[in-house]
Amino acid sequence: MAPGRIAVAVASTALVVISAVGSGVLVATGEGFYRSLDPPPWQPADAVFGIIWPYNFAVLIATVPLVVVAWRTRPWAGVILLPYLVWLTLATSLAVGYATRN
């Protein structure tokens with residue numbers, strides 16, 4: 001791997017870690033706040049979140065361009081990333097749903 005790509009990968013990973021830790025510290029509202037929200041009807045069961053979040057963080061820097069590149073080089077790799085894109089779509093719709101309801 002070229003040194004430039006390594007630097008970008010390290011910087012991206014550092015930004016993700018800093019963002020995750022920072023948001024946990026700065027936005028710690030507790031479970032009571034979340035439970036008080038009026039959820040959209042398409043919100044999955046709580047168990048789904050426990051299953052998907054480890055997967056989500058494992059491929060957090062994966063994006064649509066990554067899926068396209070993966071699909072072109074190894075179609076099975078593109079297929080593996082499709083659940084992540086579905087989850088991003090669902091998570092975005094939930095965020096919008098909460099924002100418009102409360």
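## Basis of the model

The structure is a predicted model, in which local features need pLDDT of at least 70, side-chain atom pairs count only at pLDDT 80 or more, and totals for chains, interfaces and linings use all residues. Residues are numbered from 1 along each chain as its sequence is written, and side-chain values use heavy atoms, with hydrogens and water left out.

## Overall architecture

The protein chain contains five helices and zero strands, in the order α-α-α-α-α from the N terminus. Helices (H or I, at least four residues) and strands (E, at least two) are DSSP runs, numbered from the N terminus.

Of the 102 residues, 20% count as buried. Buried denotes under 20% relative accessible area, exposed over 50%, and partly exposed in between (1.4 Å probe, protein chains only). The accessible surface of the chain is about 7,400 Å², and 75% of this belongs to carbon and sulfur atoms; such areas come from the Shrake-Rupley method with a 1.4 Å probe, and for residues only the protein chains shown count as cover. Among contacts (heavy atoms within 4.5 Å) between residues at least 6 apart in sequence, 65% join residues at least 24 apart.

## Helix α5

Helix α5 comprises residues 75-101. Its 27 residues reach 39 Å from the first C-alpha to the last, close to the 39 Å expected at 1.5 Å a residue; the expected span is 1.5 Å times one less than the number of residues. A kink of about 30° lies at Leu81, shortly before the proline Pro83. The bend at a residue is the angle between axes fitted to the seven residues ending there and the seven starting there.

Leu81 is itself buried, and other buried residues of α5 include Ala77, Tyr84, Trp87 and Tyr98. Leu82, by contrast, is partly exposed because its relative accessibility is 34%.

## Salt bridge

A salt bridge requires a side-chain nitrogen of Lys or Arg within 4 Å of a carboxyl oxygen of Asp or Glu, and the count by this rule is one. The side chains of Asp46 and Arg35 meet in a salt bridge at 3.1 Å, N to O. Asp46 lies in helix α3 (residues 46-58) and Arg35 in helix α2 (residues 31-36), so the pair ties together parts that are eleven residues apart in sequence. Asp46 is partly exposed at 44% relative accessibility, as is Arg35 at 47%.
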